[in-house]
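Student: Could we go through this model together, starting with how its pieces are named?

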Amino acid sequence: MIIPIYGYGEPVLRQVGAEITPDYPNLKEIIANMYDTMYNAYGVGLAAPQVGLAIRLFVIDTEPFSDSDDLSKEEQEQLKTFKRTFINAKMLKEEGEEWGFNEGCLSIPDVREDVYRNERITLEYFDEDFNKKTEVFDGLIARVIQHEYDHIEGILFTDKISTLKKTLIKKKLQNIMEGKARPDYKMKFANKKGR
């Protein structure tokens, strides 16, 4: 089921997510709804705070990135099949060179900025069946995970850009809060009822 994505300015986007247990109410349904909502909005990742839940859960499917000609065949193949649910994720390490990439966010439609992130991360998390895992990720997959991980920490990608860039996008952010953004997916705006 497709559910509304919470827009910039919604307080839940600034909350640090709470850890959950396997008996969290309707967890399988929430995860399925998050994938449906992400695909409907043509996203590659979606975190629970973006659908109004202040919990440590996010989903990722990097397949849309796999057709980029800038990538090696190996990386294209990796991106094509990377679909994962992350529960109670904990960042253990961020390492390697920082590199820039033009990021966007479903909660902040029509705003894209270059964000610098480490190239490699080590993450501890549980999958949807609550199997505990510790894995190392790099490249675009690491970047998508870092972006979604920020969401469960109450951080948005706009927090990671320069003061000048923040000033330049201030009006766009205000418009999103007032419900003046018009993405082609359902959203819930901070200062406006539904859409």
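Tutor: Helices (H or I, at least four residues) and strands (E, at least two) are DSSP runs, numbered from the N terminus. This is a predicted model, in which local features need pLDDT of at least 70 and side-chain atom pairs count only at pLDDT 80 or more, while totals for chains, interfaces and linings use all residues. Residues are numbered from 1 along each chain as its sequence is written, and side-chain values use heavy atoms, with hydrogens and water left out.

Student: Okay, which residue follows H3, and what is its phi?

Tutor: Gly154 follows H3, and its phi is positive, near 80°.

Student: And how many residues does H3 itself have?

Tutor: H3 covers residues 139-152 and has 14 residues. From its first C-alpha to its last it reaches 21 Å, close to the 20 Å expected at 1.5 Å a residue, where the expected span is 1.5 Å times one less than the number of residues.

Student: Is H3 enclosed or open?

Tutor: H3 is largely enclosed by the rest of the structure, because 14 of its 14 residues are buried. Buried means under 20% relative accessible area, exposed means over 50%, and partly exposed is in between, using a 1.4 Å probe and protein chains only.

Student: At what angle do H2 and H3 pack?

Tutor: Helix H2 (residues 73-80) packs against H3 at about 40°, with the axes 9 Å apart. The axes are lines fitted to C-alpha atoms, for helices over the stretch in contact, and the angles run from 0 to 180 degrees between N-to-C directions. Glu75, Gln78 and Leu79 of H2 make the contact with Gly139, Leu140 and Ile141 of H3, contact meaning heavy atoms within 4.5 Å. Those residues divide into three nonpolar, two polar and one charged; here Ala, Val, Leu, Ile, Met, Phe, Trp, Tyr, Cys and Pro count as nonpolar, Asp, Glu, Lys and Arg as charged, and the others, Gly among them, as polar.

Student: Switching topic, how many residues are in the largest nonpolar core?

Tutor: The largest nonpolar core has 36 residues, and those with the most contacts inside it are Met34, Leu46, Leu57, Ile108 and Ile176. Such a core is a set of buried Ala, Val, Leu, Ile, Met, Phe, Trp, Tyr and Cys residues joined through side-chain atoms within 4.5 Å. At least two residues each come from helix H1 (27-40), strand E3 (57-61), strand E4 (83-105), strand E5 (108-126) and helix H4 (163-177), and H1 gives the most, with six residues. Another core, of 21 residues, lies apart from it and has among its members Met91, Leu123, Phe137 and Ala142.

Student: What does Ile108 touch?

Tutor: Not counting residues up to four places away in sequence, Ile108 touches Tyr8, Leu156, Phe157, Thr158, Leu173 and Ile176.

Student: And in H4, which residues are buried?

Tutor: Ile169, Leu173, Ile176 and Met177 are buried in H4, and what covers the buried residues of H4 includes E5.

Student: Where is the kink in H4 centred?

Tutor: The kink is centred on Ile169 and comes to about 50°, the bend at a residue being the angle between axes fitted to the seven residues ending there and the seven starting there. The end C-alpha atoms of H4 are 20 Å apart, which agrees with the 21 Å that its 15 residues should span at 1.5 Å a residue. H4 is followed by Gly179, whose phi is positive, near 80°.

Student: Which strand holds Phe58?

Tutor: Phe58 lies in strand E3 and counts as buried, at 0% relative accessibility. Leaving out residues up to four places away in sequence, Phe58 touches several residues, including Met34, Leu46, Ile145, Tyr149 and Ile152. The C-alpha atoms of Phe58 and Met34 are separated by 8.3 Å, with the two residues 24 residues apart along the chain.

Student: Last one: what is phi of Asn88?

Tutor: Phi of Asn88 is near 55°, a positive value in a residue other than glycine. Asn88 lies in strand E4 and is buried, with a relative accessible area of 6%. Phe130 also has a positive phi, of about 60°, although it is not a glycine; Phe130 is found in the loop between E5 and strand E6 (132-138) and is buried, with a relative accessible area of 18%.
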